[in-house]
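Have the viewer open while you read.

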Amino acid sequence: MRVILFDLDGTLIDSTEAILESFDVAFTTLNKKTPSESEIKKLIGLPLDVMFRNLGIEEGVWDYVKAYKKHYREISTKKTRLLPLAKEAIDEAIKFARLGIVTTKTALYSKELLEHFGIIKYFEVLIGRENVEKPKPHPEPVLKALHQMNAQKEATWMIGDTCLDMVSAKEAGVKYIGVRWEYENEQNLRKCTKIIKPNVFEAVQYIRENLR
C-alpha cells in the first residue's frame, strides 16, 4: 500500500497568525525589536532556534524559544485553521494510502492541533522536532517515519510547501510533490521539485492518478 507523508504548516494547516504573534511575544519579552512579518514568514518551516538565529539572535536563543513556545501553546488552537481542502485531501488519501506527518514543529503541539481538528486518527506516525537529531532538510525525519511505518521508499510520497520538505524527501529516497503557500515563493520551490500543485487535495489526486 502507498504511504503519504504530510508536512503541517503551509500544507495541511495555517498557523501563521499564531506563529507571528508568538515571535512578537518572544522578542518583546526579551526587550528586542520584533522583525517584520515578511522576514519571519520566509523562515517558517525551519526549527525555532534556527529561525531566531537567522533573525539576529546570537545569545540566549533558547530563552526566545521558551518564550515563544509558552505563548504559542496558549493560542495555537484558537489561531490555527485547517487549510482549504485539507480535510478533503486526508479523506481522499486514506482510501489508498497509509498516512504520516513529518514536521519541524514540536510534535507535542502538533498532536494537540491534530486532535483539536479531529484528524489525528488518520495518521500512523507523527515525527516532530524533538523526535530527531537533524530536522528537515536532513532526511532523518522522513527516514524515521518510514522506519516506524515499516514502509518502502519506492511506495512513499512526501507532500510539502517548502524546499525543506522536498530536499528531505529527495535525500531520503522517496518521491515528493510541492504545494503552493506563502512561506516559499514558487520560483524557489521550482528549483526543488518539478511537480507543484495549488493545494494539498490536488497533490493527493496526482498521487492517486500515478500509483504505478
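## Rings and a helix

This is a predicted model, and searching the whole structure turns up 11 aromatic pairs.

| Pair | Centre to centre | Between the planes | Geometry |
|---|---|---|---|
| Phe23 and Phe52 | 4.6 Å | 40° | tilted |
| Phe23 and Tyr68 | 4.9 Å | 65° | edge-to-face |

Phe23 counts as buried because its relative accessibility is 0%, and Phe52 counts as buried because its relative accessibility is 0%.

Now for the other pair. Phe23 is in helix 1 and Tyr68 in helix 4, so this contact ties together parts 45 residues apart in sequence. Phe23 and Tyr68 are both buried.

Zoom out a bit, and ring pairs connect Phe23, Phe27, Phe52, Tyr64, Tyr68, Tyr72 and Tyr109 into a cluster.

Tyr109 also shows up in helix 6 (residues 107-116), where the buried residues are Ala107, Tyr109, Ser110, Leu113 and Leu114. Those five cover an arc of only 160° around the axis, so they end up on the same side of helix 6. What do the buried residues of helix 6 pack against? Their partners are strand 2 (13-14), helix 4 (61-75), strand 4 (97-102) and strand 5 (123-127). After helix 6 comes Gly118, with a positive phi near 70°.

Conventions: Residues numbered from 1 in each chain as written. Predicted model: local features only at pLDDT ≥ 70, side-chain atom pairs only at ≥ 80, totals over all residues. Heavy atoms only, no water. Buried < 20%, exposed > 50% of the residue type's maximum accessible area, 1.4 Å probe, protein only. Helix = DSSP H or I, 4+ residues; strand = E, 2+ residues; numbered from the N terminus. Arc of directions from axis to C-beta. Contact = heavy atoms within 4.5 Å. Phe/Tyr/Trp six-rings, centres within 6.5 Å; stacked < 30°, edge-to-face > 60°.
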